[in-house]
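This report goes through a model from its sheets to its chain contacts. Have the sequence and the coordinates open while reading.

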There are 2 protein chains.
Amino acid sequence: MSDPRENSASTAADGTSFDQLLQAIDVNKQRYLTDLVEWLRIPSVSSDSGRVADVRRACDWVHEKFAAAGLKVQTVETDGHPLVIAETPAVPGAPVVLVYGHYDVQPAEPLDQWISGAFEPTIRDGDLFARGATDDKGQVLTHIQSVCQWLSTGVPLPLQIKFLVEGEEEVGSGNLERMLPELADRLACHCVVISDSSQYADGQPAITYGLRGIATYELTVRGPSQDLHSGSFGGAVKNPAIALCQLLSSIVDSQGRIQIPGFYDRVEPLTTEQRQQWQQLPQTDEAFASGIGVNELFGEQGYTTDERRWARPTFDINGLTSGHQGEGVKTIIPAVAHAKISFRLVPNQDPAELTQQLQQHLTDHAPPGVSWTLESDHGAPGMLTGIDTPFAKAAEQAIEQAFGTKPVFIREGGSIPIVTRFQSVLDCDCLLLGWGLSDDNPHSPNEKFRVQDYYRGIQASARLWNEIAKQSN
Amino acid sequence: MSDPRENSASTAADGTSFDQLLQAIDVNKQRYLTDLVEWLRIPSVSSDSGRVADVRRACDWVHEKFAAAGLKVQTVETDGHPLVIAETPAVPGAPVVLVYGHYDVQPAEPLDQWISGAFEPTIRDGDLFARGATDDKGQVLTHIQSVCQWLSTGVPLPLQIKFLVEGEEEVGSGNLERMLPELADRLACHCVVISDSSQYADGQPAITYGLRGIATYELTVRGPSQDLHSGSFGGAVKNPAIALCQLLSSIVDSQGRIQIPGFYDRVEPLTTEQRQQWQQLPQTDEAFASGIGVNELFGEQGYTTDERRWARPTFDINGLTSGHQGEGVKTIIPAVAHAKISFRLVPNQDPAELTQQLQQHLTDHAPPGVSWTLESDHGAPGMLTGIDTPFAKAAEQAIEQAFGTKPVFIREGGSIPIVTRFQSVLDCDCLLLGWGLSDDNPHSPNEKFRVQDYYRGIQASARLWNEIAKQSN
């Protein structure tokens, strides 16, 4: 027996029911998986200038997928990697939903840490391993599959669904952000749906109602015009690698508290209600720590782990490069030292303001004898969305039906820079529905997506369109 | 007219005089250069396990050179790269001199900064560019050429000369150091002559009477079992790259003063006499700074540049490696961060004691949430030798005759780890005669040796054997 609510869904002219749609989704699992594997094979690393053709192939793949299912689709060129925009027919009086996702992926390095090739999708123990499996090809494809299945099964969609699948999410969505105003009419919607986050824990789905912002930089310190012998010159000149370490150390104290003047000025304290709600979530620090292979968690005093990663700003070094990195000893004073760094911000913090504060902080702390440059890469503010909107309620229903468990409302420490722009430019609501797990390793070696979560995501997506239509009645 | 002192040299049975030897050295310049170019073409990078065969070829090259000139020569195997030991016939009652040098070279990286290939010797503006040109193939070859020329010209050498040319100087001379006691009889000598340093300045030759010691380490900080997404995990765990920067920053303060407890305990203050002598040397800080491309020199307060680089201990970061190093942004918390670090020590400081002090310092400063390891690579104490020995006086004469300028007595910030072992095991004096220039870029891209200095080194070396014999009469 199916849930009686399902029977309230539309029925096709030929009598095809929502039940039959759900059965079709069950029957087509293998094909959905084949599709995903095919897409994951394309190494669409947007930050790698040597991968431009591969990024284009990944774009073409999704364009074709929409075209084959009968959606109206267009590949929109940008100054970088293109956008794919698709839509189902308009449904007068019904809501319009925009599904946003991305077909680009993070670099796969370090390659030697992958058990199977980053672009050779492989299933082990029910997990599909590949770069992009969860971030974001696997997740966005759940919505594409569900809509294509609605269309091919012939059950009339009770609302209009638009898709925007871009190729620069992993490099900051700069082109999309710039073009958003001119695309606003085409993308007009009541709610943006994004699946690029995770469930709270294994077996505990979640709706994410907040994201952190981000600001990324490359800090370069230069000393002598070339590497010097550390014997003949050690003591005579400032070592740029030491200067870099000192500058980076000046940014954060030993307790993880950021030392840039003004950094916390706009950070709002957590409400008691919010803290109490999160403290009821099941996960423990011990399980969290052992899941990522550390003996001890670390962070700002006075906050729980979830509070620190969801609702407190942080500073991280993402990469260090200087001097001799090969085998053995090479006793030099390096000419130059580089660091890639990033901050995660909370709502109200402004990345542009941070850039100014950071420039000032570095100016104040830079030692003599070296020069430095700070290159700002991309920034986006954090965001918060409502948890009692009709869209959130619809998602709660759809997820509970597909996963068999009521979702919890959480925040996420990661950033989806374009989300706040959607909110302001399209004046729409936002639903972040993560089908992944927190140990899916996005941005890391052995990224994965549980095959079962891929299927459940497609089921939840198919039900979501139904539930949104019901909530809007 | 030749210097009358030259006429006091030995004359061959057939009447060949020292004058004729000097003329022969003049005539054979091109051949000496061809030899050096040939040797420099062999990429004998001792630290690179992929270059073992090349290192052996460089060893064979020098072996053949000795054999062809009629020296008694043997290649002595070690647990690593072999030694070449050669000698001229014993001269009863006369001094025995041991020339020490090395045929191995530093890695050539970063390759893209070489104007011509590191192993494609190229002359530009009178300088011969190649890895090993000055450190040490070009310099040790001056002595080999001079002795071979003495032998082939037929002027009887007034003393016995032994050669020890090794293949692991750039990786710490560990095998030679271990084997030195068993080789002591064969290498027995009154003085070791080493040309692996530089003149004080262009046109101002020098005799180096002190070297700094060295201790090199690799410090590794480990956090999570793999790279993590800095959004989902930033704030929850200690970032190993931040921990590394904090640890490295704890080693030295912003003034260049090392913060390891006990580090300066054995450092003796400079004497007023020594400081006054060095302050009379011609070079200025401005010229020194502009020669290496920095706007400003840097180091411990209260010491001149020469004092800091010759007679004060220092700490340097030689390399940093962590996380994402490629193009673009990758917002991760790296699993691991590495630093290659080195200290230069002054006489009386003990590298083994430093290792213990450093371990303790890191234990005291290591943050929670990460683990660290310190791997000790190689260490050697500093050394000081007399400036008024007969050998030093002989060298002063020989250099003045060959270079046309009286040499100054200086110290050198670099380290030749085996020197102190020679002093103690062979109970001998030591002469450090640098033919290079301070901007010859040893250990750096575009290493070079001025062709004229190579020739003058051969001339000074040929005269040195004569002068030592005279001083010992």
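## Conventions

Two strands pair if DSSP finds at least two bridges between them. Helices (H or I, at least four residues) and strands (E, at least two) are DSSP runs, numbered from the N terminus.

The model is predicted: local features need pLDDT of at least 70, side-chain atom pairs count only at pLDDT 80 or more, and totals for chains, interfaces and linings use all residues. Residues are numbered from 1 along each chain as its sequence is written, while chains are lettered from A and ligands numbered from 1 in the order in which they are written.

## A three-stranded sheet in chain A

Three strands of chain A form an open sheet in the order β4-β5-β18, with antiparallel pairing. At its edges stand β4 (122-124) and β18 (448-450) of chain A, each pairing on one side only. From one strand to the next, the twist averages 30°. Angles here run from 0 to 180 degrees between N-to-C directions; axes are lines fitted to C-alpha atoms, for helices over the stretch in contact.

Strand β5 (residues 127-129) of chain A pairs with β18(A) over three bridges, in the antiparallel sense. Within β18(A), A:F449 stands opposite A:L128. Helix α14 (residues 451-471) of chain A packs on this sheet and touches β4, β5 and β18 of chain A. The direction of α14 makes about 65° with that of β18(A). Contact means that the C-beta atoms of two residues, placed from the backbone, lie within 7 Å.

## Two domains in chain A

Chain A is divided into domain 1 (4-211 + 382-471) and domain 2 (213-271 + 308-377). These bounds come from an automatic or database domain assignment. The C-alpha centres of domain 1 and domain 2 of chain A lie 35 Å apart. Ten residues from domain 1 and eleven residues from domain 2 of chain A make the contact. On the domain 1 side, β15 (383-384) and β16 (408-412) of chain A each supply at least two residues.

## A sheet across both chains

An open sheet of eight strands has the order β14(A)-β9(A)-β13(A)-β11(A)-β11(B)-β13(B)-β9(B)-β14(B), with antiparallel pairing. β14 (371-380) of chain A and β14 (371-380) of chain B are at the edges with a single partner strand each, so one side of each has no neighbour in the sheet. Neighbouring strands are turned by 20° against each other on average, direction ignored.

Strand β11 (residues 314-323) of chain A and β11(B) run antiparallel, joined by five bridges. There, A:G323 has B:G319 as its bridge partner. In chain B, ten bridges join strand β9 (residues 213-222) to strand β13 (residues 336-345). One bridge pair is B:E218 with B:K340 in β13(B).

## Helix against helix, chain against chain

How do the two α7 helices meet? Helix α7 (residues 240-251) of chain A packs against helix α7 (residues 240-251) of chain B at an angle of about 115°, with axes 8 Å apart. α7(A) and α7(B) are therefore roughly perpendicular to each other (angles under 35 degrees count as roughly parallel, over 145 as roughly antiparallel, 65 to 115 as roughly perpendicular and the rest as oblique). Residues meeting at this contact include A:I242 and A:L248 in α7(A), and B:I242 and B:L248 in α7(B).

Overall, 86 residues of chain B are in contact with 86 residues of chain A. Strand β11 (residues 314-323) of chain B gives the largest share of the chain B side, nine residues.
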